[in-house]
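Dear colleague,

Please find below the structure that I am handing over to you.

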Amino acid sequence: MRSILTKLYFGEINPSDRTLQNAHSYKQKVREVAKREEELCQTLSKEQIERYETLMACRSTIETMETLEQFRYGFRLGLLMALESCQSSDTLRGDVVL
């Protein structure tokens with residue numbers, strides 16, 4: 001059995017693969033967004049659709065950046081929690097800055 005670090009290194013563990021795709025409320029919202037987006041695009045000119053698609057690509061990039069930073073923060077926080085649980089309370093000093 002491979003260790004978690006080995007699996008992570010070789011790409012066998014990918015947190016982004018774990019999505020809400022199986023959640024009913026998530027599926028419902030995805031369908032609603034797709035429907036509303038289609039309705040909107042039917043009212044736009046070709047130029048407006050291109051501008052809209054550019055806007056959506058920019059938003060997607062921002063969301064990816066935010067999600068990555070949240071993952072990093074959560075990972076660091078988890079490591080600090082594990083470290084703290086391994087140390088005796090008298091060896092912990094002050095606040096740890098993430």
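In which loop is Ile13 found? Please note that the model is a predicted one. Ile13 lies in the loop between α1 (4-9) and α2 (24-42). With a relative accessibility of 32%, Ile13 counts as partly exposed. Together with Ile4, Leu5 and Leu8, Ile13 forms a nonpolar patch on the surface, and the accessible area of these residues together is about 400 Å².

As to the overall arrangement, the protein has three helices and zero strands, in the order α-α-α along the sequence. It consists of 98 residues, of which 2% count as buried. Its accessible surface is about 9,300 Å², and carbon and sulfur atoms account for 56% of that surface.

The salt bridges deserve a separate paragraph. Side chains of opposite charge can pair when their charged atoms come close. The count here is four salt bridges. In helix α2, Lys29 and Glu32 are three residues apart, which means that about one helical turn separates them. Their closest N and O atoms are 3.2 Å apart. Lys29 is exposed, at 51% relative accessibility, whereas Glu32 is partly exposed, at 30%. Arg36 is linked with Lys29 and Glu32 in a network of salt bridges.

In helix α3 (residues 46-86), about one helical turn likewise separates Glu69 and Arg72, whose side chains meet in a salt bridge at 3.7 Å, N to O. Glu69 also forms a salt bridge with Arg76, with the closest N and O atoms 3.9 Å apart. Relative accessible areas are 39% for Glu69, 40% for Arg72 and 38% for Arg76.

Yours sincerely

Note on methods: Residues numbered from 1 in each chain as written. Predicted model: local features only at pLDDT ≥ 70, side-chain atom pairs only at ≥ 80, totals over all residues. Heavy atoms only, no water. Helix = DSSP H or I, 4+ residues; strand = E, 2+ residues; numbered from the N terminus. Buried < 20%, exposed > 50% of the residue type's maximum accessible area, 1.4 Å probe, protein only. Areas by Shrake-Rupley, 256 points an atom, 1.4 Å probe, with all protein chains shown as cover. Patch = residues over 30% accessible without salt bridge, like charges linked within 9 Å, V, L, I, M, F, W, Y side chains within 5 Å.
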